[in-house]
Amino acid sequence: MGDRGTTNHSEVTDFILVGFRVRPELHILLFLIFLLVYAMVLLGNAGMVAVIMTDPRLNTPMYFFLGNLSFVDLFYSSVIAPKALINFWSESKSISFAGCVTQFFLFALFIVTEGFLLAAMAYDRFIAICNPLLYSVQMSTRLCSQLVAGSYFCGCISSVLQTSMTFTLSFCASRTIDHFYCDTRPLQRLSCSDIFINKMVSFSLASVITLPIIMVIIVSYLYIVSTVLKTRSSEGRKKAFSTCSSHLGVVSVLYGAVFFMYLTPDRFPELSKVASLCYTLVTPMLNPLIYSLRNKDVKEALKKFLEKKNTIL
């Protein structure tokens, strides 16, 4: 084991991102699909942030969280998509060691931050529906800012730990990453170090992060469903379920893809890539659509925003 660990990771200057193992003639099609989806991610999330920031009617805790969610979606997709698009045309498909570390760090930061933001949004909906008279007091501007800042802080701490654990491994087996971005499992497969402790720490860290988030969301929605079912007004029930179904749709798509990827055996790397594609590009593309199409306030604000732009032009 000592001989295998003699090659230090600092000797690795770059990695090769394999991407999707498809026939060369399909690269153009995949490039166009990636480009279209990424363009929709940019347009949808940047538009959502702009609408929320410019419309006073959306100056509420729910839209404050939604604006931050769109910001996070926009940036963690931008960490992955541009390099993936370039690699469709590049023969080398290389990424520098520093570039790989940066990509890994930023993606880990934003994806964990998104999880905590979704938990904060579930708590916000719980207070709004179960304690509406105390909503403005309990969901104060200060608390909302603290929840968002805490989400970024937890994302940063988690990212630092994951990045330091992964890139202190010795990479002496190969430089070829069987993925379209730098991720934990493909990098671990390249290591000639003993990764048992690394895997245990990664699993523990993922559990510490994921379980509280899921518990907050589940408990919040159990109370929400219980309260909504007691509501006599059918219009009130419809409005509450409409708002909550958007959030649940986002949570389901994100965590469904994450769990599918990490539960897929290593012998099926292409399935892991498809699942990764779902939460790196598809979910950020769908989030603005889910919230805008199912939310009357957002649709009206977007219409007003577009009319103002047309007037200026």
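In which hand does H5 pass H7? The crossing of H5 past H7 is left-handed, a crossing being left-handed if the near helix is turned anticlockwise from the far one by less than a right angle, and right-handed if clockwise. The structure is a predicted model, in which local features need pLDDT of at least 70, side-chain atom pairs count only at pLDDT 80 or more, and totals for chains, interfaces and linings use all residues. Residues are numbered from 1 along each chain as its sequence is written, and side-chain values use heavy atoms, with hydrogens and water left out.

The protein has a mean pLDDT (the predictor's confidence in each residue, from 0 to 100) of 85, and 93% of its residues reach 70 or more. Over residues 1-10 the pLDDT is below 50, and this stretch has 16 contacts in the model beyond near neighbours in sequence, contact meaning heavy atoms within 4.5 Å. Where pLDDT is low, the predicted coordinates should not be read in detail. Among helices (DSSP runs of H or I, at least four residues, numbered from the N terminus; strands are runs of E, at least two), confidence is highest in H5 (residues 141-167), at a mean of 95, and lowest in H10 (residues 296-312), at 71.

The unreviewed UniProt entry annotates residues 28-51, 63-81, 101-123, 143-161, 203-229, 241-262 and 274-293 as "transmembrane region"; such annotations may be inferred rather than shown by experiment. Residues 101-123 are 100% helix and 0% strand, with end C-alpha atoms 33 Å apart. Residues 203-229 are also 100% helix and 0% strand, and their end C-alpha atoms lie 38 Å apart.

H5 packs with H7 (residues 196-230) at an angle of about 170 degrees, the axes being 11 Å apart. Axes are lines fitted to C-alpha atoms, for helices over the stretch in contact, and angles run from 0 to 180 degrees between N-to-C directions. H5 is therefore roughly antiparallel to H7; angles over 145 degrees count as roughly antiparallel, under 35 as roughly parallel, 65 to 115 as roughly perpendicular and the rest as oblique. Ser158, Leu161, Gln162, Met165 and Thr166 of H5 meet Asn198, Val201, Ser202, Leu205 and Ile209 of H7. This contact has five nonpolar, five polar and no charged residues, where Ala, Val, Leu, Ile, Met, Phe, Trp, Tyr, Cys and Pro count as nonpolar, Asp, Glu, Lys and Arg as charged, and the others, Gly among them, as polar.

H2 (residues 61-87) packs with H5 at about 20 degrees, with axes 10 Å apart, so the two helices are roughly parallel. Their crossing is right-handed. In H2, the residues that meet H5 include Phe64, Phe65 and Phe71. The contact of H2 with H5 has nine nonpolar, two polar and no charged residues.

The axes of H3 (residues 97-130) and H7 come within 9 Å and cross at roughly 20 degrees; H3 and H7 are therefore roughly parallel. The crossing is left-handed. Residues making the contact include Phe116 and Arg125 of H3 and Tyr221 and Tyr223 of H7. By class, the contact has 17 nonpolar, three polar and one charged residues.
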